[in-house]
Structure formats: structure tokens, C-alpha cells
Amino acid sequence: MKQLKHYLMLLTVLASIILAPLTAFANSSAASSTPASSTSTATPATDDSLQKIKQKGVLVVGTSAGYPPFEFTTKKDGKTEYVGFEMSLARQLAKDLGVKLEIKNMDFDSLLVALESHKIDVAIAGINITPEREKSVDFSKTYHKGTKYFLIHKQDKDKYKDYMDFKGKTVGTENGAMEYAMIKKYIPDVHEKGLAKWSSLVIALQAHKLDGVLMDSATAKAFAQNNSDLYAFNSHMKVTSDGVAVALPKGANSLKAAVNKTVDKVNQEDLINKKWLPEAAKYMQTSQKTNTVASYWTFFVKGVKYTLLITVLAVIVGFLIGVLFALMRLSDNKLLHGIAICYIEFIRGTPMLVQIMFVYFGIGAIIQSMPALVAGIIAVAINSGAYVAEIIRSGIQSLPLGQTEAARSLGMTKQQTFRYIIMPQALKNIWPALGNEFITLLKDSSLVSTIGVTELMYQTQLVQADTYKGVLPLFITMMIYFFLTFTLTRILNHFEKKFKHA
């Protein structure tokens, strides 16, 4: 019983150490950005969705930038700016509501999940109305209807004339997009390929991994105009969707009514065709002339900062979790031993990407003030903790039992034996394995880009979308990661030599 009390006390102390800085960071982030905690987890009988947005003073719009001219990024004063006719619509909507606008950029197939979990207020990302989507979310009135075009290599323009020419070929589109179902429906024996970003699909097309990419006519023309090697043509597929609209949470009727007022105004004044599409075209022309990959160095620097921040905090928290669960697994107490085994086996048996999504969208639906950065750090740290726990356990068990017996015979307590005899020797033995885990953690931090954390991989995707270049930004990112891991390896090797000397 006394031993159980010691472990419970240790668990309480470590939990406070782990959660205190993250909670403080979450609160400060929420205070400085958006008080998202005011968003309800369920729509009550008396709908107050519009009132809550006005109370917090911010409209959080989810999008998937990289879909010109709908939404894409450009560089302004070294910073990312979201442009395109749908981003103009988002600004108009925020203006009509009398609130500020906050844009959250994420993968397209995560938008409706973010909407259902109330991480965003509305989603504006070229989302077509479909019966399947209407089961999960509500839609505003339609503001755009377009035909579907294929984007292909210019040298293949005599080879492909309509969708039937892609029989048995590999055709790509964005994950979760309506075009994915259209490919399977209309083209026989097709090999469909879904990726998270349109820019990634264009890169795959340029690398001859795809025979064509199906997308909206406006977007296909935009990519073709900005790349002389590509060609866009009408697919002649019948579009059954009612068109593109703003996606809203189910039952948010007051917000839907306000959005429809803005959409009616936009349609009546034809703002998209008369004003916003020409503005988007100017941004694309300016970007094509002036934006080289080298001019985006500030994006890469920002990505490195967030990557290092995530890695450092995750390493610290993950190490503390690892020590705790290693001791719990080595404990004679069956309850603590069982909890440790369940945690380690579950975390090691599920992908980190799934864990990141669960923490952000699952736990984040309960703790709605949790920023994406904090969710990413927590998920990465929890994942690392399971592996560190096993590394530490193996290090402790590798020591001869006589070490403990000798220390106890000299009058040392269990805590003193562990602190001064066992742990220093175990750390010396497991240092190479811990070093490998830290390096892996540095690279795996790129997965948090899926929930919109602006780390290095996220920034790389922005550069790809803005410059219409795919391979060069990836090469630069590879070299940056290599430099970071190489430097970290040298540091770890320096301490390893010191351990050996000691």
C-alpha cells in the first residue's frame, strides 16, 4: 500500500509538470487569437450560432488553400496571405457579420470533421453540395457552378479528348472531393489516385505519376495558365451537384440565414465574375512573375522554428511520460503494471497520424480552446512517451541485480538507489536508442501539418502552391531536415563520448 501511494504521488507530480505548461500555452494562445471556447458542442433548440460568433467577435473559416482561383496563398511583406474569390467571399461574410476573420488552412478531407467538431465556424473551400455531405452538415445557397476539366501534359492533348480516353489510365483528384466519385462512376477500369492537396496532384502529374487530374474548370485553367507544360480541357462529364456553397454545422439556422444574405448579395451583384475573379487572376500573374522559391526563405525559417518548438517540447514531455510508464511497468503493483502495458501497446499499435487527428478533432471537440499547435505537441509527446518507456525499461533491466543489492546493503533507499545508481547507468546504456528516438521525433513532427500547424512541411506546401513548383521546395525541405538531424546527431554523439569517458 505504501508503494502504491509513492507511485500515485509520482503520477500526480509528473502530470502537473506535463499539463501545466501546455495548459498555460493553450490559454495564452486562445486569448491572443480566438476565444473558441464560446463555440457550443451541440446546437440547442433555440439556435444561437450567429449570436455566439458575434459575441466572440471572430468568424473562423476553414479552407484548403492551393486551389486557385478559389483559394490560394500569396506572399505579402514576407507573410502568407490567403487570396482567391472564395477568400474574398469569406472577408465579405465577416464584414457583413461585423466580426474579424480568422482563416484555418487544412487538408480538404479534414474540413467537414473540423466543422462537426466545432474547430471552425464555416468551411469555404470549393465544397460541392452532395446528398452524402448534407447528412453531416448544412449548406448555404449556391454561389458557383462550374464544369469539370482534365489537367494533362500539353504533349498529350491529341491523345485525350474526353473522359472515355482515360479508360484504364491513372487519374488523380483531391481526397474527399466530389471528383473522386465522378472518376469511379464515369471512367471504366480507371485507377483513381487521391491526394491531400491539389498542388501535390499537379506535382504527381508533372512527374508522370498520373495521366490526368480532374478538377473544376476555373482551377484547371489557372494551373495551365501558370505552367506552359500543362493543358486543360473539358471532361464532358455530367455534374449532378447543385453547385459550390458554404458548409455550416447542422442546425445552425441563424448563421445559415446570415450567410445566405451575403451569398444573395454576391450573386445579385455578380461580385465573383466582375470583381473577385479578376483580382485572383492578378495575384496569380504577379506571383508567376516575381515569386521564386528563394524569395520564400522566411516561410522556411518560420517552419523550422515551429518544427524545433514542437520537437523540443515533445521530447521533454515524452521523456517524463516515458520515465513514469517505465517505472509503472516495472512495478509489482498489478494495476499500475496493467495501465502501463495498455498505454504502451495501444500507442505503439496505432499510427501517429491517427493519434494527432484524434487529439485535435476528438479531444479538441471537448476542449475547444485547444489550439492545433498544442494538440500536435500533446499527440507527438504521447506517442514518443510509449517508445521512450520501453527504451528506459530495457535500460534498467539490462543492469545486473547486484547493483541494486549493493546499493541497498550500503543503506541507500529505493529512491536514492534509482537516482544515483540505476538511472545514470541505464541512461548511459540507452543513450544511442534515445538519440534515435529524438531524431525520429524531429522528422515525424511533419505529420502535424495535417491539422494546420505551420511547421516546416506545412510551409513547404504553401510555397509549392504559391510558386507552382513542386520538386524544388521539397528538395530544400529535405536539405533542411538533413541539416537539423545531422546537427542533432553530432550533439548526441558528443554526449555519448562523454558518457563513455565517465
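In this talk, a residue is called buried when its relative accessible area is under 20%, exposed when that area is over 50%, and partly exposed in between, with a 1.4 Å probe and protein chains only. Helices (H or I, at least four residues) and strands (E, at least two) are DSSP runs, numbered from the N terminus.

Good morning. The structure is a predicted model, in which local features need pLDDT of at least 70 and side-chain atom pairs count only at pLDDT 80 or more, while totals for chains, interfaces and linings use all residues. Residues are numbered from 1 along each chain as its sequence is written, and side-chain values use heavy atoms, with hydrogens and water left out.

I begin with strand β7. Six of the six residues of β7 are buried, so this strand is largely enclosed by the rest of the structure. Which sheet does it belong to? Five strands form an open sheet with mixed pairing, in the order β9-β8-β10-β7-β11; two strands pair if DSSP finds at least two bridges between them. At the edges stand β9 (191–195) and β11 (230–234), each with a single partner strand, so one side of each is left without a neighbour in the sheet. From one strand to the next, the twist averages 30 degrees. For such angles, axes are lines fitted to C-alpha atoms, for helices over the stretch in contact, and angles run from 0 to 180 degrees between N-to-C directions.

Let us follow the pairings. β7 pairs with β10 in the antiparallel sense over four bridges, and Lys148 has Asp216 of β10 as its bridge partner. With β11, β7 again pairs in the antiparallel sense, over five bridges; here Tyr149 stands opposite Asn234. Strand β8 (residues 170–174), by contrast, pairs with β9 in the parallel sense over five bridges, with Val171 opposite Glu192.

Two helices lie across this sheet. Helix α6 (residues 178–186) lies across β7 (148–153), β8, β9 and β10 (212–216), and runs at about 155 degrees to β8. Helix α8 (residues 217–225) lies across β7, β10 and β11, at about 125 degrees to β10.

I turn now to helix α14. Helix α12 (residues 334–348) and helix α14 (residues 372–397) have axes that come within 9 Å and cross at roughly 120 degrees. That angle makes α12 oblique to α14; angles under 35 degrees count as roughly parallel, over 145 as roughly antiparallel, 65 to 115 as roughly perpendicular and the rest as oblique. The contact (heavy atoms within 4.5 Å) includes Tyr343 and Ile344 of α12 and Ile382 and Asn383 of α14. Its residues divide into seven nonpolar, two polar and two charged. Here Ala, Val, Leu, Ile, Met, Phe, Trp, Tyr, Cys and Pro count as nonpolar, Asp, Glu, Lys and Arg as charged, and the others, Gly among them, as polar.

Helix α13 (residues 352–366) also packs on α14, at about 135 degrees and with the axes 9 Å apart. These two helices are therefore oblique to each other. Among the residues in contact are Met352 and Val359 of α13 and Ala372 and Asn383 of α14. How many of the contact residues of α13 with α14 are charged? There are no charged residues, but nine nonpolar and two polar.

Finally, Phe72 is found in strand β2 (residues 72–76). At 1% relative accessibility, Phe72 counts as buried. Phe72 and Ala465 are 393 residues apart in sequence, yet their C-alpha atoms are 7.0 Å apart in space. Thank you.
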